[in-house]
Amino acid sequence: MAKTNRPRRSMLYMPGANTRALDKARSLAADALILDLEDSCAPDAKEAARTNVVAALAEGGYGNRELIMRVNALTTPWGHADLVAAAKSGADGVLIPKVEGAEGVRQAEAVLRDAGAPDDLKLWVMMETPLAILRAEEVAGATPRMAGLVLGTSDLAKDLHCAHTPERLPFLASLSLCVLAGRAFDLAIMDGVHLDLDDAEGFARVCRQGAELGMDGKTLIHPKQLDAANEAFGPSADDLAQAHKIIAAYDAAMAEGKGVVVVNGKLVENLHVVAARRMLDMAEQIKALG
């Protein structure tokens, strides 16, 4: 299965220092969870957060949700111990912050490997600095463990000295570069967070924009954002009906030896059938999440 062919419509940050939040996450309609040891945890709470997250992963109960541990950077006092703990934590992936090139990814991978990480433990990278964006291809191809890129638009805005506009024009180049790099290496690409929790209309708009740009889903900071993200990045009933129609028409045409297939006035080629089958497979996986 391709690394990208898994539901990641919603990827919710959960603060590792908050045990109630870690418990509540077991019942939330998120496709994936980022159990966070970094930005959401104060310096004096980071070691406790690490202990909490490892314990929560050991306890389980998260169903089929993808579980990713965001560690602190190796340049911090906590980064090395975070990676050692993550290595055998049972997480599906480890999210590395403050990476600006392939070497940073490989340094983190080396710590994980030395700590006994299994071969199927995946690496994710925060894309949150101008240099990381400019080196997106290098980062994406750093190691076979790579599974995805996560946009850190808040940090990026700080470094770019740009504004969070409703249309996100200052971010479009960065978003597109990450989509290109991610797709070139068959990685998932997750859009950055939306900080205004009371801006439901704006949040729905940027979710639609992210989906149009080709991203797999949205990173979230609050459960109230889950429904809109799941709707924007998931196939609708009309989408699924159209996918079935495309596949049926194409199969019938091939069986009859016809070289041209038209559905609803539009030419259908094999590439459309591949996309339709992928959508139906994704819908089945979403249903399995419960």
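Buried residues are those under 20% relative accessible area, exposed residues those over 50%, and partly exposed residues those in between, with a 1.4 Å probe and protein chains only. By this rule Leu-197, at 31% relative accessibility, counts as partly exposed. The structure is a predicted model, in which local features need pLDDT of at least 70 and side-chain atom pairs count only at pLDDT 80 or more, while totals for chains, interfaces and linings use all residues. Residues are numbered from 1 along each chain as its sequence is written, and side-chain values use heavy atoms, with hydrogens and water left out.

Leu-197 is found in the loop between β7 (188-191) and α9 (200-213); helices (H or I, at least four residues) and strands (E, at least two) are DSSP runs, numbered from the N terminus. Together with Leu-195 and Ile-221, Leu-197 makes a nonpolar surface patch of about 230 Å². Such patches are made of residues with over 30% relative accessible area and no salt bridge, where like charges are joined within 9 Å and nonpolar side chains (Val, Leu, Ile, Met, Phe, Trp, Tyr) within 5 Å. The accessible areas come from the Shrake-Rupley method with a 1.4 Å probe, and for residues only the protein chains shown count as cover.

The expected span of a helix is 1.5 Å times one less than its number of residues. For the 14 residues of α2 (residues 46-59) this gives 20 Å, in agreement with the 20 Å between the end C-alpha atoms. Buried positions in α2 are Lys-46, Ala-49, Arg-50, Asn-52, Val-53, Ala-56 and Leu-57. They lie on the same side of α2, because they cover an arc of only 165° around the axis, the arc being that of the directions from the helix axis to the C-beta atoms. Packed against these buried residues are α1 (19-24), β2 (32-36), β3 (66-70) and α3 (79-87). The other side of α2 carries the exposed residues Glu-47, Thr-51, Ala-58 and Glu-59. Just after the helix, Gly-60 adopts a positive phi of about 75°.

Turning to charged pairs, a salt bridge is a side-chain nitrogen of Lys or Arg within 4 Å of a carboxyl oxygen of Asp or Glu, and the count by this rule is 20. One of them joins Asp-23 to Arg-26, with the closest N and O atoms 3.2 Å apart; Asp-23 is partly exposed at 48% relative accessibility, whereas Arg-26 is buried at 16%. Another pairs Asp-251 with Arg-277 (3.5 Å, N to O). Asp-251 belongs to helix α11 (residues 237-255) and Arg-277 to helix α12 (residues 270-289), so this pair ties together parts that are 26 residues apart in sequence. Also in α12, Glu-284 and Lys-287 are three residues apart and therefore separated by about one helical turn; their side chains meet in a salt bridge at 3.7 Å, N to O. Glu-284 is partly exposed at 48%, while Lys-287 is exposed at 61%. A network of salt bridges links Asp-36, Glu-38, Asp-39, Arg-70, Lys-98 and Glu-128.

Finally, Glu-100 sits in the loop between β4 (93-96) and α4 (102-114) and is partly exposed, with a relative accessible area of 34%. Leaving aside neighbours within four places in sequence, Glu-100 is in contact (heavy atoms within 4.5 Å) with Thr-129, Leu-131, Ala-132 and Arg-135. Glu-100 and Ala-132 are 32 residues apart in sequence, yet 4.2 Å apart in space, C-alpha to C-alpha.
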